[in-house]
Amino acid sequence: VVSRREVFGLAPLALRPARILLTEDDDSLRQFLTLNLGRAGHHVVAHGDGDAAWEELALAPYDLLLTDI
């Protein structure tokens, strides 16, 4: 029996580094999340405001966008 993950070559997210776009206006929380996500092996691009994040999103693909409301 072959799983869909094997057929499509999908690794669980925890095993595959993700490109993450982080938008957080709180400096300390942004630094904390960037540091810890980076330690987990992910590539994090962080911005302090939504306008800069939208510009970044137009430039490159990301696996995940993290933002607050």
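**A walk from Asp27 through the fold**

Asp27 is partly exposed, with a relative accessible area of 46%. (Buried means under 20%, exposed over 50%, and partly exposed in between, with a 1.4 Å probe and protein chains only.) The model is predicted: local features need pLDDT of at least 70, side-chain atom pairs count only at pLDDT 80 or more, and totals for chains, interfaces and linings use all residues. Residues are numbered from 1 along each chain as its sequence is written, and side-chain values use heavy atoms, leaving out hydrogens and water.

Now step back to the whole chain. The protein has 69 residues, and buried residues make up 22% of them. It contains three helices and three strands. (These are DSSP runs numbered from the N terminus: helices are H or I with at least four residues, strands are E with at least two.) Along the sequence the pattern reads α-β-α-β-α-β.

Return to helix H2, which covers residues 27-39. Its 13 residues, at 1.5 Å a residue, should span 18 Å. The expected span is 1.5 Å times one less than the number of residues. The end C-alpha atoms of H2 are 18 Å apart, so the model agrees. After H2 comes Gly41, whose phi is positive, near 100 degrees.

Arg30 forms a salt bridge with Asp27, and their closest N and O atoms are 2.4 Å apart. (A salt bridge is a side-chain nitrogen of Lys or Arg within 4 Å of a carboxyl oxygen of Asp or Glu.) The structure holds one salt bridge. Arg30 and Asp27 both lie in H2, three residues apart, about one turn of the helix. An α-helix has 3.6 residues a turn, so residues three or four places apart point the same way. Arg30 counts as buried because its relative accessibility is 17%.

Gln31 also sits in H2. Gln31 is exposed, with a relative accessible area of 57%. Ala46 is 15 residues from Gln31 in sequence, and their C-alpha atoms are 8.5 Å apart in space. Ala46 can be related to Leu65 too: 19 residues separate them in sequence, and 10.0 Å separates their C-alpha atoms.

Leu65 belongs to strand E3, residues 64-67. Leu65 is partly exposed, at 42% relative accessible area. Together with Trp54 and Leu57, Leu65 forms a nonpolar patch on the surface. The three residues of this patch share about 320 Å² of accessible area. Trp54 comes from helix H3, residues 50-59. At 61% relative accessible area, Trp54 is exposed.

What sits over the ring of Tyr62? The charged end of Arg19 does, 4.6 Å from the ring centre. (The rule asks for NZ of Lys or CZ of Arg within 6 Å of the ring centre and within 35 degrees of the ring normal.)

Methods: Patches are made of residues with over 30% relative accessible area and no salt bridge: like charges are joined within 9 Å, nonpolar side chains (Val, Leu, Ile, Met, Phe, Trp, Tyr) within 5 Å. Accessible areas come from the Shrake-Rupley method with a 1.4 Å probe; for residues, only the protein chains shown count as cover.
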